[in-house]
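Colleague: Before I use any of the labels in this model, I would like to hear what each one rests on. Please give the cut-off each time and then the value.

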Amino acid sequence: MRFIVLCISIIFVLLLTYQTRNHPQVRHNAVLDRIQHPFDIRLRYRIAEVDPRFGLSKEQVMQLSQQATDIWKMGTGKDYFVYDPDAKLTIHLIYDERQDESNQRRQQLGNIEQNQQIWSNKNQNLKQVKDEIDRANTLLDTKKTQLDAQLHQYNQQITIINQSGSIHPSQRDLFIQRRNQLQQQIFALEQEIHLYNQKIQQLNHQVGELNQINHQLNQSIDQFNQRFQARLFDKGLFNGKQINIYEFSSKDDLRLTLAHEFGHALGLKHNQDPVALMYPMMKDQNMQNFSLTTADLALLHDR
C-alpha cells in the first residue's frame, strides 16, 4: 500500500514538474487545483479588490479582465487563462496618488482639447471673414477703376469745353448733373472704403486674439508634456502572487494593462517594440483594437 502511495506521489511530483517547466503559468495556481486539474494548463485568477474610487464595479472589472485574456487567446489560438472565484492568483485595483495624477492628466487633456476646438472654430470664422474681405477688396478695386475712368472722361469733356470758350446752357445743366452724380459715387465709394478699413481693423484684432489663444494653447501643451511624460507600466504590477493595478485612464487602458500583467504571469519579460503589449511603456499601442505583435509572440515562444 505504501508503495502504491509512493508511486502515486512520484507521478504527481513528476507531473507538477513537467507542468511547471513546459507551462510556467500554472506555478501560480494552487497545488490542489493542479492536482484536481492535472491536464488543465490555464492560469486561474479572480478579482479580489476594486477600490470604489475608480468608479468601476467588480463585475465590470471581471468583464475587462476576460477581454484582456481574449487578447492572448485571439493572438495565439490558445486559452491561457480562466476565471475562478477560488483562484490563488488575485487581481487588486488599488487607488493611490498615481490614479489622482491620471485624473489630473485626463482633466488637463480635456481642457486642452476644448481650447483646441475653440481655436479651430475661431480660425474657421477668421478664414470666412478674410474671404469676405478679399471679395470686398476685389469689388472696391473694380468700382474704383470704373469711377476713375468716368472721372477721366468727365475731365476730358470739361477740358474741351474750356478750350472752346463757350457751352450751351442745356449742356451746362447736364455737366452739372453729371458732376453731382460723380460726387455722389465718390462719396459712396469713400463710405465703402471706410467700412472696408473697419473690417480690416476687426480682422487684425481677431488675428491678434487668435494668436494669443494659440500661444496660450502651445504653452498649455508644453506644460502638459513636461508634467505628464510617457507612462511606465509600473501603474500595474505582477509580483508572483497577485496583480496590482494602480492607475489607468480609461477602460481600454485598464484592459491593456491587465493584458500586459497577464503576460508577466505567463513568464514573459519586456520587449523593445513600442507598439507591442509587452513594451514597458504605454505610448504607441492601439488601445481600442489591440492585437499581439510579432515581438509579443516571440517572447511567448522563447519563454
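Modeller: By the distance rule used here, the count comes to 12 salt bridges. The rule asks for a side-chain nitrogen of Lys or Arg within 4 Å of a carboxyl oxygen of Asp or Glu. This is a predicted model, in which local features need pLDDT of at least 70 and side-chain atom pairs count only at pLDDT 80 or more, while totals for chains, interfaces and linings use all residues. Residues are numbered from 1 along each chain as its sequence is written, and side-chain values use heavy atoms, with hydrogens and water left out.

Colleague: What makes Lys143 and Glu192 a salt bridge?

Modeller: Their closest N and O atoms are 2.9 Å apart, and the limit is 4 Å, so the pair qualifies. The pair links distant parts of the chain, with Lys143 in helix α4 (residues 97-164) and Glu192 in helix α5 (residues 169-227), 49 residues apart. Helices here are DSSP runs of H or I with at least four residues, strands are runs of E with at least two, and both are numbered from the N terminus.

Colleague: Why is Lys143 called partly exposed?

Modeller: Buried means under 20% relative accessible area, exposed means over 50%, and partly exposed is in between, using a 1.4 Å probe and protein chains only. Lys143 has 31%, so it is partly exposed. Glu192, at 29%, is also partly exposed.

Colleague: How do you know that Asp148 and Lys144 are about one helical turn apart?

Modeller: Asp148 and Lys144 are separated by about one turn because they are four residues apart in helix α4. They form a salt bridge, with the closest N and O atoms 3.2 Å apart.

Colleague: Why are Tyr154 and Phe175 called a tilted pair?

Modeller: Rings of Phe, Tyr and Trp (its six-membered ring) pair if their centres lie within 6.5 Å; planes under 30 degrees apart count as stacked, over 60 as edge-to-face and the rest as tilted. For Tyr154 and Phe175 the values are 6.1 Å centre to centre and 55 degrees between the planes. Tyr154 lies in helix α4 and Phe175 in helix α5, so the pair ties together parts that are 21 residues apart in sequence. Tyr154, at 12% relative accessibility, counts as buried, and so does Phe175 at 16%.

Colleague: How many aromatic pairs are found in the whole structure, and which residues form one aromatic cluster?

Modeller: The search finds seven pairs. The cluster consists of Tyr45, Phe81, Tyr83 and Phe262.

Colleague: What is Phe262 in contact with?

Modeller: Contact means heavy atoms within 4.5 Å. Leaving aside neighbours within four places in sequence, the partners of Phe262 include Tyr45, Ser65, Trp72, Phe81 and Ile243.

Colleague: What makes a set of residues a nonpolar core?

Modeller: The members must be buried Ala, Val, Leu, Ile, Met, Phe, Trp, Tyr or Cys residues joined through side-chain atoms within 4.5 Å. The largest such core has 36 residues, and Trp72, Phe81 and Phe262 are among those that touch the most other members. Helix α6 gives the most to this core, with six residues. A second, separate core of 12 residues includes Leu126, Ile133, Leu189 and Leu203.

Colleague: How does the span of α3 compare with the expected one?

Modeller: The expected span is 1.5 Å times one less than the number of residues. Helix α3 (residues 58-76) has 19 residues and reaches 27 Å from first C-alpha to last, close to the 27 Å expected.
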